[in-house]
Amino acid sequence: MGTLGNGLPDLPPEWGEVVIPDDPAELAEEAERVRDELRAEARAARRAAWRARWRRRLHLPEHIDDPDQPSLVLPLIVLGVAVVITLLSLLLIAWPGLTKSTPESPQPGPPVRPAVSAPASSPPSTSPTGTTVPPSEHFPGP
């Protein structure tokens, strides 16, 4: 690289020919692309710094797949899910009105007749027509 007549060094040859337009508005699209790239890089750097800060706070390794430093992420996730499920089940059981309530009065069914039996020592009697009557018909029901 040589120097120009004004004492400044030449541009590197891998840059090629650099053309500077007379109107700066011609560079607006390229400037917007460069700004977007810089924003994306800054966002990625902030995200990486945030992750590194939380990894240090939780004493987690830099890489999850590091066999020398096992990670606590999976056990913490399992524990968190178990706590949430337990709290939801307790809420469903204890909160009135969340579950379907039972009816206040039982549904009417067929009438129940008490069973009446004859003494075991009496033989079955016969009706006037000559047929045997079971002992349950000797005593009228309620």
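My entries follow, from the whole chain down to single side chains.

**Ground rules.** I am working with a predicted model, where local features need pLDDT of at least 70, side-chain atom pairs count only at pLDDT 80 or more, and totals for chains, interfaces and linings use all residues. Residues are numbered from 1 along each chain as its sequence is written, and side-chain values use heavy atoms, with hydrogens and water left out.

**Whole chain.** I found two helices and zero strands, taking both as DSSP runs numbered from the N terminus (helices: H or I, at least four residues; strands: E, at least two). How much of the chain is buried? I got 6% of the 142 residues, with buried meaning under 20% relative accessible area, exposed over 50% and partly exposed in between (1.4 Å probe, protein chains only). Next I looked up contacts, that is, heavy atoms within 4.5 Å. Among those with a separation of 6 or more, 5% join residues 24 or more positions apart. The accessible surface is about 13200 Å², and carbon and sulfur atoms hold 63% of that; such areas come from the Shrake-Rupley method with a 1.4 Å probe, and for residues only the protein chains shown count as cover.

**Salt bridges.** I counted three, each being a side-chain nitrogen of Lys or Arg within 4 Å of a carboxyl oxygen of Asp or Glu. Which residues do they link into a network? The members are Glu 32, Arg 35, Asp 36 and Arg 39.

- Glu 32 pairs with Arg 35 at 3.3 Å, N to O. The two are three residues apart in helix α1 (residues 28-57), so about one helical turn separates them.
- Glu 32 also meets Arg 39, at 3.9 Å.
- Arg 39 has a further bridge to Asp 36, at 2.7 Å. Here too I noted three residues along α1, which means about one helical turn.

**Charge over a ring.** Which ring has the charged end of Arg 57 over it? I found Trp 54, with 4.7 Å to the ring centre. The rule I used asks for NZ of Lys or CZ of Arg within 6 Å of the ring centre and within 35 degrees of the ring normal.

**A nonpolar patch.** Leu 11, Trp 15, Val 18 and Ile 20 make a nonpolar surface patch of about 470 Å². Patch residues have over 30% relative accessible area and no salt bridge; like charges are joined within 9 Å, nonpolar side chains (Val, Leu, Ile, Met, Phe, Trp, Tyr) within 5 Å. I checked Ile 20 by itself: this residue is in the segment before α1 and is exposed, at 70%.
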